[in-house]
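Me: I would like to learn how to read a fold element by element. Can we work through one together?

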Amino acid sequence: MPFGYNGKILHVDLTQGTWRTEEPDEKWYRTYMGGSNFISYYLLKELPAGIEPLSAENILVFACSVVTGAPLSGFNRYMVGAKSPLTGGFAETEAGGYWGPEFKFAGFDALVVHGRAAKPVYLWIKDGAVEIKDAAGLWGLDNWQTLERLEAELEDTRIRVVSIGPAGEHLVRYACLQNDLEHYNGRTGMGAVMGSKNLKAVVVRGTQKLQMADPEKVKEIARWHNERIKTHPPNVGLTKFGTPGLVKGINDGGFLPTRNFKEGVFEGADKLAAPAYHETIFHSSSTCWACAVRCKRRVELKHEKYPLDKRFGGAEYEALAALGSMLAIDNLPAVARGNQICNLQGLDVVSTGAVIAFAMECFENGILTEANTGGRTLRYGDSDAMIWLIEQIANRSGLGDVLAEGVKRASEKIGRGSEKFAFHIKGQELAFHDGRGKTGMAMGFALSPTGADHIETPHDVAFQGEGVSKLYPMGLFDPVDPLKTDEAKMRFFFIGQKAWGINNVLNLCNFTSVPIHAMTFGRLVEAVNAVTGWDVSLYELLQATERSNVMARVFNNREGFTPKDDTLISRWFEEMPGGPLKGKRIDPDTFRDLVALYYDMSGWDREGRPTRGKLVELGLYWLL
Amino acid sequence: MEVTVALYETLRKHYPERGRVQLEAGARVAELLSRLGIAEDDVGILVVNRKDAQFNQILEDGDLVTVIPPMGGG
């Protein structure tokens, strides 16, 4: 009997209205382990090259890992992936909360959704039984209404629901999924793929216990980890302030994206950041399954224009930048309200903020005019315009219909020079970290297989000076200078990407795990073995991680990506206009040379294709 | 006793880039931060002698204390 995993992958065919289980062997589980590996495995096995992402041919994969559901802080995440409607390439997006463990307790490790239902449906998965149920009465509802209706219909308030809102139904290319109203699979447009399948929700209820090889050892590691979380400074800060606690330092450092990445310092940042956040809108903290960090924020405010409901999620750092500094809005209730509308409508707040910033910069420069907006102005700093545009996008009304395509496609449709304000990498809008102040982060944006992605590597700033010790077990002994763009920085990125890649394969939270937060590499290996009964090493985890990066790369190459897609936005090749980083830029020729160096280090050829040798080293014979 | 402090980013306004601080024997990291006028809320990464450290950790003569503000990402 396997430990840690169920040995069952659920396949549902919405076109046929059928389901079946696949039972891979132990070798398969130990080779791929979970998360992004499960996703790229099925994408490469199941999808013909070149399919349209919003067609019935795409698949949608919900992936846990061999350790998801173990009672350890951060071991609660699940990943959703498909071919992205935003990038046309590999997509994955994670969320915490309670859905992932509940899905494991219902008897499965991953769900692969095939085809398209003829009419709206939802999946009801309970302890190994699967039903495809009519969702006609749910279509058009927001995520909160959907949850309430499902709890009533199934007469169970303990169900866990991942759903899409109207944005996903309307195929907004950056629509997201949410679970329990405060956890989001935000990026890469998976809500649109779910909407294209006429799939409103996946509801799970599991009462089976996760079988672990050494439960007492897991308990001991959990006690150690949770105690350390209470005193480890990065975790102490997250517990106290959540990610809003990061706004001040990032702004002080001069790399808080402001006015569509034009500037790195926002004059109104203090009004968005902790402690103002806590003094004005904070209600309570919240958490994910079995997690001691409690970084989630709940917000509440009685306000005529910008009411906040504690059930609908509190703005995280990315939301404060997306709807705040990027739009030069310092009205915290308005930003938090905009975030809650995104949550209810099912929009990725990162792409939504970036798209609105694009629209505002176009308007400021006369490319978009009142003729495009129905007579409304779209100026930086206008909170009401921000909220109006969010609703336009979610419903694909007016200008929102064009903006719902993302900045790449929207700028192609709008033309008139708007392309120079459309900031994306591989078609995905950027999360909010200016690469001129964190060049390792910039490398992650350029080289992530999902397009611009800020969680591809740990942030450079944490490894300055003697902080580098956290990557000693990976052989990185030299301090990291956040501003340098050189061979040493590429080595930092290369190692950091592998370290965080473990979290993508095992579906662990970066806020509990290695290398920044309370977990250590040694205890993580112990934890995996206590759950699974295996004898994995750090080397084996890193091999699984590299498999994930290589398989995603093979998928993207197959879909037509080339080295020219591994680049940055033009603004980062220009000098920062002010603040602490005034005059800093990334040299494009140096950056291109370092991307080629990364291919060399990775065992990829100069076209960015993993070599035959690399595929064999990783045991990926089936990709030769 | 004497410890060396290395501060990064905006924390440098509290003290030069790297310098020596005299403390009473048995002093903890929290007391060093207090002496330098650094609030614990402004500490993101805390490292003593290249190892993760805690605010209540007791310092020893010759220790190297590295402090970086919270400026990662979420």
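**Reading strands and helices**

Me: Start with pairing. How many bridges join strand β3 of chain A to strand β4 of chain A?

Reply: First, a caution: this is a predicted model. Now the general idea. Strands of a sheet pair through backbone hydrogen bonds, and the sense is either parallel or antiparallel. Here, strand β3 (residues 60-63) of chain A and strand β4 (residues 78-83) of chain A run antiparallel, joined by three bridges. For one bridge, take A63(A): its partner in β4(A) is M79(A).

Me: What order do the strands take in the open sheet with β2 and β1 of chain A?

Reply: Read across the sheet: β2-β1-β6-β3-β4-β5 (chain A). That makes six strands, and the pairing is mixed. At the edges stand β2 (18-22) and β5 (90-95) of chain A. Each has a single partner strand, so one side of each lacks a neighbour in the sheet. From one strand to the next, the twist averages 15 degrees.

Me: And the sheet that holds β8 and β7 of chain A: what is its order?

Reply: This is an open sheet of six strands with mixed pairing, in the order β8-β7-β12-β9-β10-β11 (chain A). β8 (129-134) and β11 (183-185) of chain A are the edge strands, pairing on one side only. The twist here averages 20 degrees from one strand to the next.

Me: In which sense do β7 and β12 of chain A pair, parallel or antiparallel?

Reply: Parallel, over six bridges. The strands are β7 (residues 121-126) and β12 (residues 199-205) of chain A.

Me: Now helices. At what angle do α13 and α16 of chain A pack?

Reply: Two packed helices are described by the angle between their axes and the distance between the axes. For α13 (residues 332-345) and α16 (residues 383-395) of chain A, the angle is about 5 degrees and the axes are 10 Å apart. Angles under 35 degrees count as roughly parallel, so α13(A) and α16(A) are roughly parallel to each other.

Me: Which residues of α13(A) meet α16(A)?

Reply: Recall the helix repeat. An α-helix has 3.6 residues a turn, so residues three or four places apart point the same way. In α13(A), the residues are A334(A), R337(A), G338(A), I341(A), C342(A) and Q345(A). They meet S383(A), M386(A), I387(A), I390(A), E391(A) and A394(A) in α16(A). By class, the contact has seven nonpolar, three polar and two charged residues.

Me: Which residues of α18 of chain A are buried?

Reply: In α18 (residues 406-414) of chain A, the buried residues are G406(A), V407(A), K408(A), A410(A), S411(A) and I414(A). Their cover includes α14 (349-364), α17 (399-403), β15 (424-425) and β16 (428-429) of chain A. Check the residue after the helix too: G415(A) follows α18(A) and has a positive phi, near 65 degrees.

Me: Step back. How many helices and strands does chain A have?

Reply: Chain A has 24 helices and 16 strands. Its radius of gyration is 23 Å, close to the 25 Å from the globule rule for 624 residues, so chain A is as compact as a globular protein of that length. Of those residues, 61% count as buried.

Me: Last, the interface. How many residues of chain B are in contact with chain A?

Reply: 22 residues of chain B are in contact with 26 residues of chain A. On chain B, the elements giving two or more residues to this side are β3 (45-48), β4 (51-52) and β5 (64-68). That side has eleven nonpolar, seven polar and four charged residues.

Conventions. Residues numbered from 1 in each chain as written. Chains lettered and ligands numbered in written order. Predicted model: local features only at pLDDT ≥ 70, side-chain atom pairs only at ≥ 80, totals over all residues. Pairing = 2+ DSSP bridges. Helix = DSSP H or I, 4+ residues; strand = E, 2+ residues; numbered from the N terminus. Axes fitted to C-alpha atoms, helices over the stretch in contact; angles between N-to-C directions. Rg over C-alpha atoms; globule rule 2.2 N^0.38 Å. Buried ≥ 20, exposed ≤ 12 C-beta atoms within 10 Å, placed from the backbone. Contact = placed C-beta atoms within 7 Å. Nonpolar A, V, L, I, M, F, W, Y, C, P; charged D, E, K, R; others polar. Parallel < 35°, antiparallel > 145°, perpendicular 65-115°, else oblique.
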